[in-house]
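Please consult the sequence and the model shown here while reading.

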Amino acid sequence: AAVLRRAAAGGRAASGEGQGQDPDPGQGSGSGRPQPLEPSLLRFLVCPLSKRPLRYEEATNELINEELGIAYPIIDGIPNMIPEAARTTRKKPPAEGSKQP
């Protein structure tokens, strides 16, 4: 991450590293609010697993695949479409042998 910061800063020497930089660069822009998805992107994005369109959920700032029951997070306005990063939106069905009264 430090290499990327240096490259983004125009290749400044490492001597200034750690001074005046965001203490946690992985947490976004520091505005306290998540950046929403650019609406025009939604028509191009599909689930990498099912290849179906996704629904944008503004309340959670996620892209939802209703069919598979998963949600992809949007971080700093950029969708994280890695399947391992998605969270499950449905509760798991009860085990086959268990009966609910």
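Beyond its neighbours within four places in sequence, Asn-65 is in contact with Cys-47, Ser-50, Leu-54 and Ile-70. The model is predicted, and the values in this report are to be read with that in mind. Asn-65 belongs to strand β2, which covers residues 62–65. Asn-65 counts as buried because its relative accessibility is 2%, under the 20% limit for that class. The side chain of Asn-65 also reaches the backbone nitrogen of Glu-67, at 3.0 Å.

The largest nonpolar core has 10 residues: Leu-37, Leu-45, Cys-47, Leu-54, Leu-63, Ile-70, Tyr-72, Ile-74, Met-81 and Ala-86. Strand β3 (residues 70–75) supplies the largest share of this core, with 3 residues. In soluble globular proteins, nonpolar side chains tend to be buried together.

**Salt bridges**

The structure holds 4 salt bridges. Side chains of opposite charge can pair when their charged atoms come close. Among the salt bridges are the following pairs.

| Pair | N to O distance |
|---|---|
| Arg-52 and Glu-67 | 3.0 Å |
| Arg-55 and Glu-57 | 2.5 Å |
| Arg-55 and Glu-66 | 2.6 Å |

The side chains of Arg-52 and Glu-67 meet in a salt bridge. Arg-52 is in the loop between α1 and β1 and Glu-67 in the loop between β2 and β3, so this pair ties together parts that are 15 residues apart in sequence. Arg-52 is partly exposed, at 47% relative accessible area, and Glu-67 is likewise partly exposed, at 46%.

Arg-55, Glu-57 and Glu-66 are linked in a network of salt bridges. The side chains of Glu-66 and Arg-55 meet in one of these bridges. That pair links distant parts of the chain, with Glu-66 in the loop between β2 and β3 and Arg-55 in strand β1, 11 residues apart. Arg-55 is partly exposed, with a relative accessible area of 35%, and Glu-57 is partly exposed at 26%.

**An exposed proline**

Pro-34 is located in the loop between α1 (2–8) and β1 (55–57). Is Pro-34 buried or exposed? Pro-34 counts as exposed because its relative accessible area is 58%, over the 50% limit. The C-alpha atoms of Pro-34 and Gly-77 are separated by 7.5 Å, although the two residues are 43 residues apart along the chain.

How values were computed:
Residues numbered from 1 in each chain as written. Predicted model: local features only at pLDDT ≥ 70, side-chain atom pairs only at ≥ 80, totals over all residues. Heavy atoms only, no water. Helix = DSSP H or I, 4+ residues; strand = E, 2+ residues; numbered from the N terminus. Buried < 20%, exposed > 50% of the residue type's maximum accessible area, 1.4 Å probe, protein only. Core = buried A, V, L, I, M, F, W, Y, C linked by side-chain atoms within 4.5 Å. Polar contact = N/O pair within 3.5 Å; in protein donor to acceptor, adjacent residues only side chain to side chain. Contact = heavy atoms within 4.5 Å.
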